[in-house]
Amino acid sequence: MSDPVRQLIDACEDYLRAFDMDGAREVVDGIARSKGNIAGPLPPQPMPLCGWLDEALQSITEAEGLKRAIGLARPDLRWITYDAYDDTIGSRFPVAHAFASLIGREGHVLADDFELGLFLITPGTLYRDHHHAAPELYAPVTGPHRWRFGTDGPWIETPAHVLVWNPSWAVHATLVTDVPFLCLFGWTKDVHYPAKVVSASDWAVIEAGL
Ligand SMILES: [Fe+2]
């Protein structure tokens with residue numbers, strides 16, 4: 001693992017440590033638990049196929065240490081896509097997102113049942129309602145973005161640096177409009193179970209307006 005990736009993982013831990021809330025504590029514990037189990041060299045993929053990483057990095061406000069650490073580690077990151085969904089995820093999300101695992105089954109640090117990484121969604125994208133066994137922390141470093149929780153719940157807009165903690169199997173959706181979405185994500189357990197889409201009645205209307 002390169003020094004910049006090591007420093008990025010440390011920067012994620014420092015960033016999350018500042019939030020004294022459920023989810024942030026679990027992810028900080030997971031990072032501390034996993035350190036030391038270094039993977040072999042990963043083939044880098046520094047450019048997410050969906051694009052928008054430059055713009056996302058430029059959109060980060062505050063969190064200067066984390067922003068700098070992501071920039072320095074960028075040549076070593078491996079951006080890939082999440083391919084566990086079936087067609088109900090829609091045609092846009094598969095080409096409008098990417099993630100780079102830092103700790104996990106295919107991370108720079110190996111962990112069997114914990115994931116930490118960066119997650120990017122391009123503007124004009126509805127990440128349709130879904131859920132998964134893994135409890136999930138999103139720590140967006142760009143914003144604002146919109147969220148809804150539960151089936152057909154109201155949309156809530158939150159700025160950057162407002163954390164979202166999704167308990168196991170809680171339904172959630174993310175609406176990314178003008179600003180690219182870039183977050184730290186953590187899955188704290190049960191990472192082997194794939195996420196599943198949960199249908200909602202308004203996808204066509206929302207997506208037509210993007
Ligand atoms: Fe999720």
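Helices (H or I, at least four residues) and strands (E, at least two) are taken here as DSSP runs, numbered from the N terminus. The structure is a predicted model, in which local features need pLDDT of at least 70 and side-chain atom pairs count only at pLDDT 80 or more, while totals for chains, interfaces and linings use all residues. Residues are numbered from 1 along each chain as its sequence is written, and side-chain values use heavy atoms, with hydrogens and water left out.

The iron ion is held by His 130 (NE2), His 132 (NE2), Glu 136 (OE), Glu 136 (OE) and His 172 (NE2), at 2.2 to 2.6 Å. Donors are N, O and S atoms within 2.8 Å of the metal (3.2 Å for Na, K and Ca); water is not among the atoms, so sites may look incomplete. Along the chain, the donors of the iron ion follow the spacing H-x1-H-x3-E-x35-H. Distant parts of the chain are linked in this way, with His 130 in strand 5 (residues 125–131) and His 172 in strand 10 (residues 172–176), 42 residues apart. Both His 130 and His 172 are buried, where buried means under 20% relative accessible area, exposed over 50%, and partly exposed in between (1.4 Å probe, protein chains only).

Helix 2 comes next. Within helix 2 (residues 24–34), the buried residues are Ala 24, Val 27, Val 28, Gly 30, Ile 31 and Ser 34. These residues lie on the same side of helix 2 because they cover an arc of only 160° around the axis, the arc being that of the directions from the helix axis to the C-beta atoms. Their cover includes helix 1 (3–17), strand 2 (97–104) and strand 11 (181–187), among other elements. After helix 2 comes Gly 36, with a positive phi near 105°.

The backbone holds a few further points of interest. Most residues other than glycine have a negative phi, and most peptide bonds are trans. Glu 62, however, has a positive phi near 55° and sits in the loop between helix 3 (53–59) and helix 4 (64–73). Glu 62 counts as exposed because its relative accessibility is 57%. His 161 also has a positive phi, of about 70°, and is found in the loop between strand 8 (156–158) and strand 9 (164–166). With 13% relative accessibility, His 161 counts as buried. Finally, the peptide bond from Gly 143 to Pro 144 is cis, with omega near 5°; Pro 144 belongs to the loop between strand 6 (136–140) and strand 7 (145–149).

Terms used: Contact = heavy atoms within 4.5 Å.
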